[in-house]
Amino acid sequence: MTALCTMKYLCQAARNESRYAKRFFGTLLPQTAQKWLFSPFWIVVPDPRKSAVFGLTQPYCTDEKSHAQPKSKAAFGSVGRRIPYRILHVINQDGESLGNMHRAEALRLMDQHGLKLVLLRENVEPPVYRLMTGQQIHEEQLKRAEKKKASPKQGVVQKELSFSSAIAKNDLETKTKQIAQWIEKRHHVKVTIRQAKGSSTDMFMLFDQILETVSEKATYLSKPKVAREGVSTCVFRHMSDKELKEHQKMEIKKNNTVKKDENEDLKSNELHQ
């Protein structure tokens, strides 16, 4: 009789433990499932049909991971109809401000004029969007790519030189030697030329003249362009090993062609004599 009573109490205790465990894990886990995952930390799960079950769990917070891996910035272009903000500051395709408006109104203008919405500034209140044509977006993407290409890479030193288009020949030679020294050290060199008053010198020809002098080592990182009225600029860089080999091959081929032409001219003159 004592044994039966003992077994009855043990079964009742097991059932109670099982019920409490279900209540605990049935209410706790749904509340924490969005922020916590479990993987190696010791817990005990009572089971009336088996001996105590041990499992390894370790709390892991997904919020910390989201802070450690921020979203990458989206590339410049049309946002389509995916606008998370309710109120926007809108600029039209001519660069004129249309003021603040509801996103539904901005989308209506976009559809009405066959334009695209582009996010310009997000970290302001309200965020700034611009209505642009596909051609405007393409041109802006090219400008940004050129600017990124021309900007010095991390760890690369960029030197700068500026002079007038009326520069004297000796001064230009001195500037060119300085550029050659910087190129030898694998620096980038930004050269800016200002159009002198009354000077008819072609600034782009000056850039090409400089490059021709340092052509054994240098090439354009950013080709000559007009920065603003009366001012042109470009960036020189050291050629890569592959580019140097290609340049040397072309020079050898060019020299061989010149020698061949000279030999043919000599033979032709001998025959005429």
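Me: Which residues have the most contacts inside the largest nonpolar core, and how many residues does this core have?

Reply: A word on the source first: this is a predicted model, in which local features need pLDDT of at least 70 and side-chain atom pairs count only at pLDDT 80 or more, while totals for chains, interfaces and linings use all residues. Residues are numbered from 1 along each chain as its sequence is written, and side-chain values use heavy atoms, with hydrogens and water left out. A nonpolar core is a set of buried Ala, Val, Leu, Ile, Met, Phe, Trp, Tyr and Cys residues joined through side-chain atoms within 4.5 Å; buried means under 20% relative accessible area, exposed over 50%, and partly exposed in between (1.4 Å probe, protein chains only). Here the largest core has 20 residues, and those with the most contacts inside it are Phe-163, Ile-179, Val-189, Val-191, Ile-193 and Phe-236.

Me: Which elements give two or more residues to this core?

Reply: Helices (H or I, at least four residues) and strands (E, at least two) are DSSP runs, numbered from the N terminus. The contributors are β7 (158–164), α5 (169–184), β8 (188–194), α6 (203–213), β9 (218–228) and β10 (231–238). The largest share, five residues, comes from α6. Another core, of 13 residues, lies apart from it and includes Leu-88, Leu-109, Leu-117 and Tyr-129.

Me: How do β7 and β8 pair, parallel or antiparallel?

Reply: Two strands pair if DSSP finds at least two bridges between them. Seven bridges join β7 and β8 in the parallel sense, with Leu-161 opposite Val-191 in β8. Together with α5, these strands make a right-handed β-α-β unit; right-handed here means that, with the strands pointing away from the viewer, the path from the first strand over the helix to the second runs clockwise.

Me: What is the strand order of the open sheet of four strands?

Reply: The order is β4-β3-β6-β5, with mixed pairing. At the edges are β4 (97–102) and β5 (116–121), each of which pairs on one side only. Five bridges join β3 and β4 in the antiparallel sense, with Ile-87 opposite His-102 in β4. By contrast, β3 and β6 are parallel over three bridges, and His-89 stands opposite Val-128 in β6. β5 and β6 (residues 128–132) run antiparallel with five bridges, and Lys-116 stands opposite Met-132 in β6.

Me: Which strands does helix α3 lie across, and why do its buried residues line one face?

Reply: Axes are lines fitted to C-alpha atoms, for helices over the stretch in contact, and angles run from 0 to 180 degrees between N-to-C directions. Helix α3 (residues 103–113) lies across β3 (87–91), β4, β5 and β6, at about 125 degrees to β4. The buried residues of α3 are Ala-106, Leu-107, Leu-109 and Met-110. Seen down the axis of α3, they fall within an arc of 160 degrees, so they line one face of the helix; the arc is that of the directions from the helix axis to the C-beta atoms. Their cover includes β3, β4, β5 and β6.

How values were computed. Contact = heavy atoms within 4.5 Å.
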